[in-house]
Structures are given as structure tokens and as C-alpha cells.
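Here is a short walk through a few local features of this model. Have the sequence and the 3D view side by side as you read.

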2 protein chains.
Amino acid sequence: MNKKIGKQTIKYGNAPCILSTAAIAGPMEGQGKLGKEFDRLLDDNINGEDSWEKCESYMLGWVIKTAVSKLGIAMEEIDYILAGDLLNQLISSHFAMREIGRPFLGLYGACSTFAESMLVGSALVDGGFAEKIAVGVSSHHDTAERQFRFPTELGVQRPPTSQWTVTGSGSAVIATYGAGPRITIGTIGKIVDLGIKDPNNMGVAMAPAAADTIYNHLTDSKRDPGYYDMIYTGDLGAIGKELTIELLSDKAIDIRKNYEDCGCMIYHEEQDAHAGASGCASSALAFSGYIFKQLQQRKMNRILFVGTGCLHSSTSYQQKESIPCIAHAVAIEN
Amino acid sequence: MNKKIGKQTIKYGNAPCILSTAAIAGPMEGQGKLGKEFDRLLDDNINGEDSWEKCESYMLGWVIKTAVSKLGIAMEEIDYILAGDLLNQLISSHFAMREIGRPFLGLYGACSTFAESMLVGSALVDGGFAEKIAVGVSSHHDTAERQFRFPTELGVQRPPTSQWTVTGSGSAVIATYGAGPRITIGTIGKIVDLGIKDPNNMGVAMAPAAADTIYNHLTDSKRDPGYYDMIYTGDLGAIGKELTIELLSDKAIDIRKNYEDCGCMIYHEEQDAHAGASGCASSALAFSGYIFKQLQQRKMNRILFVGTGCLHSSTSYQQKESIPCIAHAVAIEN
């Protein structure tokens, strides 16, 4: 049975169901716009661990265990876990998975990893390879800042285009059967790189990839933007969001009425996050904490969730390379 | 249709077919045991590029394009590409994919990534989500050495347990239909970490994960080791290989007669690679250059290909964490 439609889109034959989600966040995110929606807030960014990295790994383990325990089932009922994070060699995921001990597939799409894990995980479920899987991602302001930019102690001034990496983690359990919103269609992104080299201007770097995936999703699925109650991108921030609207407008696609970026949903203006939130947890917190509940309560019934990722490293930056970007999309519907 | 068998194994309903492979390697690999089997050898480790990283990325792009062109088809006939590498944020893969321009899924399982990409890619093909996909991985001695261990210029003395990261890249095209060996079963690994902290002793770190996956594969599939003409692990080297044999022997499983490690297949003894080869390209070169041809020519008909990965980072090492390891397996049969 051919489940590919159009050029880069797949339609799940038996649309997998999202049974539960869980979200944990740091204190700054707790004071943000969605603070009350998360299952748990940390008192500080280290949570009694030896390092920020261990705190990040702890969060990822916690959300996966919590999303599973909300269903009243044992971890052994989860066939596989798909996860990823921003840290070199995905150490947050690997140390969390070491403790959980389930079969594991590591994915990397930078901040698009949550959407990528839902897309690939749904293929495993729909293809009959699993009954229940869990997906999860994490990010942490302090681990990301010192890995991708400058030592945190330096206190480097941040330009207005910069975004604030979200400290938090989100997860979801996806299954063949059950009650809940269903993942119906996935669009696999291509690498798009229009030459932006500044890791403090990631929204502008990622916007062309987001626009490309949204355009191809709509073309492949023969849907127009109005089909969706909302289209969400992952972490473009205020500047990238406006550029995405413009780029699609150039192709005669108007998403202004029903589009928001998760990077604009996390922090209040006065929290000084500059252009908005970024990091794997930007889209994962918005989805696991807020969007999923809106779908469950049928306040929304059809959304397009577009994970967006900047795929550079500190090495590629130092070697003066531009930033390759990608966006993966999943349609989630009641 | 339930395609899961046992605890962590999937059986492909319509076993996907490996249509072609391609392999490229550096000069030291060219002088090694399999040197004559590769499609192309580089004259040196930089190949006229600005950096070793760009050379690695070039190799990955080259093998994917070559595996596809061997079939006489256009790159546009490849639905998606699944790839990964050892470099932070998978930059080798991302820059290669930027040029190739096909829909792309990034995976990370360290040196198990080639097996992981075959396992996940086969699920996409078998599930009806794609007709043809390409998978590929790369590694490079000089990029890996300076990222994971010491600046190459330091000339740090290597202990006898250390392995030599393979400079090379391998790829495969996997499809629904066609002539060629078929991927019949996949076993998804769990993280295993018995406390080894030394990144110069990776074979010993990975052996328990390899033994765990081989054991669970045999249990889940109800096969005994003798079912396979050969069982190959990815890059355990001489020391890890012996430990894997021992660990399985403790469980009353004897693989001594039909088992080899790809890390022992790349270099001659006198090439001074110490415990053997490592890196994503260890298993990818052995498979794409040699094992695939053996299957095509029916000199072997049933193999178990077990990718093995050390999932540490330089950060986790400096934070005195032990090395989490994983192994993913695919059975490939005529």
C-alpha cells in the first residue's frame, strides 16, 4: 500500500493516536505565557544535579516516565523510544535512556527533532512495527549557550535578533489504538540554506526551511492553509515568523490568520528573551503543555505542527559555513 | 498487521531489497585489507578541501550519489535519505544533504548509525511510506580525533586498547522491489553501560551492548547463531570482539565459528591501528565495499549485521560520566 503522497509527504493509513503528553520546564519558562500548563516546574536550572547537562537529561527522563505513567501502564508496554536533543552526541537522551532501559532510536534534527520523532514514530506505529512508542526531546538554556555560543560566565551581550534557548522537556506517547488526536500526515523536510551565518539570527536562517515545508505540505496534501485551525512552527521567534509569512505570501499562500510560532508562545515580552524562544523544548513544551490539551478538549481540531531546526555546529560556525536548516511537519487532527 | 516479534525485534512483511551500495575511503583504508573493494580511494585525508570536516562531508555526498547513479536512476527517484555521522550536530550529513536536496531524516547512533539507518529506512519502505530510500554514514580519522580526544597536532600517544577512526563513507539504496539481498528482520538496541569511562577503550565499552542485541535478536527471532553464514559487529576491534564472544558464551551462545567484527576487517596488523578500526565508516565500508558483494554473488546468503555505537561526548567524558553504548541489528538474506 503506497502511503506517499506528492513529493515529500506521507499519509498514515491508520492514523496513530497521541494518548498522552508530559511537560517539565525551568523557572523562567514557568513565569512565561504557558507556565501554568506544564506538569512540573523546576525551582532552578540545575535541580540539585552536578551539572546543567545532568539536569537536562533528568528532565527528559522525567517527561517520558510521566507521559507513560499518566496512562497507568508500565514502561515495558512502550515498544521503543525515539528521542533527541541539542547536546553533542545527544547525551541528554542517551543518559536518560540508559536509566529507562527501553529499545531506543536516536534522532537529530536540532529543534525540529520533536516533530521528526513524531513523524518517524508514527510511521513505526502505522507500519505495524510497534503498538505504543514514546517520543521526547529536551533543551536547556545553559547547556546550549555554552555549547553553541560563548561560555555562560562571559556574559556576552545578546543582539536583538538572538533567541533564548528554552529550559524544558516534552514528550508524547503515540499508539495504534486509543482515544486522542491522531497524526494523519507527515511531511519530511529538505535542507534549505540561504546563506545566513549568524547563530544569533536563527529565526531568519530557519524561515525559508519552514516556508518550504509548509508550502510542500499544502501542495502534497492538496490542502489550503484554512484547512487547519492553527499552523504552528517550532522556534522561529518574532523575526523568523514574520519572514515565514512573507515568504509564503510570495507564493500566494496566506497563513497570517491561523499561524503562530511556538517561539513566540513561551516568554512574555518583559522577560527579555529578545526575538523569542528557541531550542527543542520550544515546540515540545508548546505542544506537550498546551496544544495537545486544546486538541483533547476540542478547542482546536486540526493543526499543522512544523518543527524547525538550525543544523549548524560550533565547528561549522568557526569554519565560516552558513547554517543549513530543516523543517519537518505533522498534521494532527481529531 | 503486527510486525513486532519478541521484545525488541521487527520482522519486515515485504522484506526491502538492497539495490546498490557505494564506498569511498582514505589512503590508509585503501592500503588495508579491503582496499581493493572500495569504489574510490582518496589520495589524502583532505582531498583539496579547506578542512577535514568538508572532506568528510564530500565523501558522504559522493557515496550517496554514486550508489544512486549505479542504478541508472536520477536522485529525484530517491524518496528520502536517512543519514548521520559522528561530528557534532551531524554537520557532515547536513552539508552533504544541502547539496543533494532530497527530503532528509537525521539519525544518531554513533557508529551504529549505518545499521540504524537501514533498520528505520527499511521500516519506511516496508510500511509503504517510500519506494526507494538511500542511507549513508561517514567518519574521518582527523575530524573524530580532534573532536572526541585531543588536538591532532598534540600527537598524544595512543594506548594499545585505542582504535583508529576510519576515514571513509558508505551508502546503500533500499527499495520495495528489485533484485538483491533483502533486509528481513531488525532488532532495536537498548542502552547498555557497564561503567567504562575511557574513550580509548571503546571496544570493551560496546561489547556488552553488542552481546545484548545479538542475544535478544536470536531470542526474539527464535534463530540460533548457526542460522547465519556470518554475524558481523560494527567496530568492536580485537579486544571488544573477544569480550563479545565471552559474554555470549556465558549465555550458552557460541558465535566463535561464524563471527567477525568489521573493526578487525579494515586494517592490516602492521598498519599500527592498535585494537582495530572504529567509526561509522568501519561497518559502512565493510558492508558497502565487501559484505554486500558477498551477498550479491551468493558467497554468503544470510548475515546478521550489528552496528555498535559509543554514545559519549567530550563533555560527558570531562564530567567523568561512563560511556552509554548501543547496538542495532539487521538480518540480511538472499
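Beyond its neighbours within four places in sequence, B:His312 is in contact (heavy atoms within 4.5 Å) with residues including A:Gln89, A:Ile91 and B:Phe148.

This is a predicted model, in which local features need pLDDT of at least 70 and side-chain atom pairs count only at pLDDT 80 or more, while totals for chains, interfaces and linings use all residues. Residues are numbered from 1 along each chain as its sequence is written, chains are lettered from A and ligands numbered from 1 in the order in which they are written, and side-chain values use heavy atoms, leaving out hydrogens and water.

Now for helix 5 of chain B. Seven of its eight residues (141-148) are buried, so helix 5 is largely enclosed by the rest of the structure. B:Phe148 is one of the buried residues, and the cover includes helix 2 (52-69) and helix 9 of chain B. Helices (H or I, at least four residues) and strands (E, at least two) are DSSP runs, numbered from the N terminus.

For contrast, here are the two residues with accessibility values:

| Residue | Relative accessibility | Class |
|---|---|---|
| A:Leu154 | 54% | exposed |

A:Leu154 lies in the loop between helix 5 (141-148) and strand 8 (164-165) of chain A.

Terms used: Buried means under 20% relative accessible area, exposed over 50%, partly exposed in between (1.4 Å probe, protein chains only).
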